[in-house]
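Thanks for coming. Please look at the sequence and the model on the screen.

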Amino acid sequence: MNQQATPYFIFNGNAKEALEFYKNLFQAEITNVQTFGEADFPTPPEMDDKIMHARLEKGSLLLMFSDAFQNQTVEVGNNISLALEFTSEKEIQAVYQSLSKEGTVMMELQDTFWGAKFAKVKDIFGVIWDLNFTKQS
């Protein structure tokens, strides 16, 4: 794996406000903001201005943010996941298989429009993991 697990916060449509709040709190920089409307992914028009993915960085601090997808409810416990970036397809496949064996697959391991293999799995303890392997072009 490339780094430590990164906290990924999910919000009920107010990710932009949260991003600004934490930016000011930590005197950090907002990077890599993408809305659902900008993504090459089919979403309803009411999601166009919602945050699909954003990063907040300061030194070694990295936090990631997103709004919940339409019709998904954010509650304490599912409002944060831990993102892991893998260095090989073999590595992500092994971790995915282990987590999904007794856990709940929220998104199957699959190729994505952002050039990665990605999966989302809730483990047997209720921890949500975002698994990502960015393919080399």
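The largest nonpolar core has 11 residues: Leu84, Phe86, Ile92, Tyr96, Leu99, Leu109, Ala119, Val121, Trp129, Leu131 and Phe133. By nonpolar core I mean a set of buried Ala, Val, Leu, Ile, Met, Phe, Trp, Tyr and Cys residues joined through side-chain atoms within 4.5 Å. Buried is under 20% relative accessible area, exposed is over 50%, and partly exposed is in between, with a 1.4 Å probe and protein chains only. At least two residues of this core come from each of helix H2 (89-102), strand S7 (116-122) and strand S8 (128-134). Helices (H or I, at least four residues) and strands (E, at least two) are DSSP runs, numbered from the N terminus. There is also a second, separate core of 10 residues, including Phe11, Ala18, Ile51 and Ala54.

A word on the source. This is a predicted model, where local features need pLDDT of at least 70 and side-chain atom pairs count only at pLDDT 80 or more, while totals for chains, interfaces and linings use all residues. Residues are numbered from 1 along each chain as its sequence is written, and side-chain values use heavy atoms, with hydrogens and water left out.

Now helix H2. Which of its residues are buried? They are Ile92, Tyr96, Leu99 and Ser100. Seen down the axis of H2, these buried residues fall within an arc of 90°, so they line one face of the helix; the arc is that of the directions from the helix axis to the C-beta atoms. On the face turned away from the buried side sit the exposed residues Lys90, Ser98, Lys101 and Glu102. The buried residues of H2 pack against strand S6 (104-111), S7 and S8. Leaving out residues up to four places away in sequence, Ile92 touches Phe86, Leu109, Lys117, Leu131, Asn132 and Phe133, where contact means heavy atoms within 4.5 Å.

Next, the rings. The whole structure has 10 aromatic pairs. Rings of Phe, Tyr and Trp (its six-membered ring) pair if their centres lie within 6.5 Å; planes under 30 degrees apart count as stacked, over 60 as edge-to-face and the rest as tilted. Phe21 and Tyr22 are edge-to-face, at 5.0 Å centre to centre and 85° between the planes. Tyr22 and Phe26 are stacked, at 6.3 Å and 15°.
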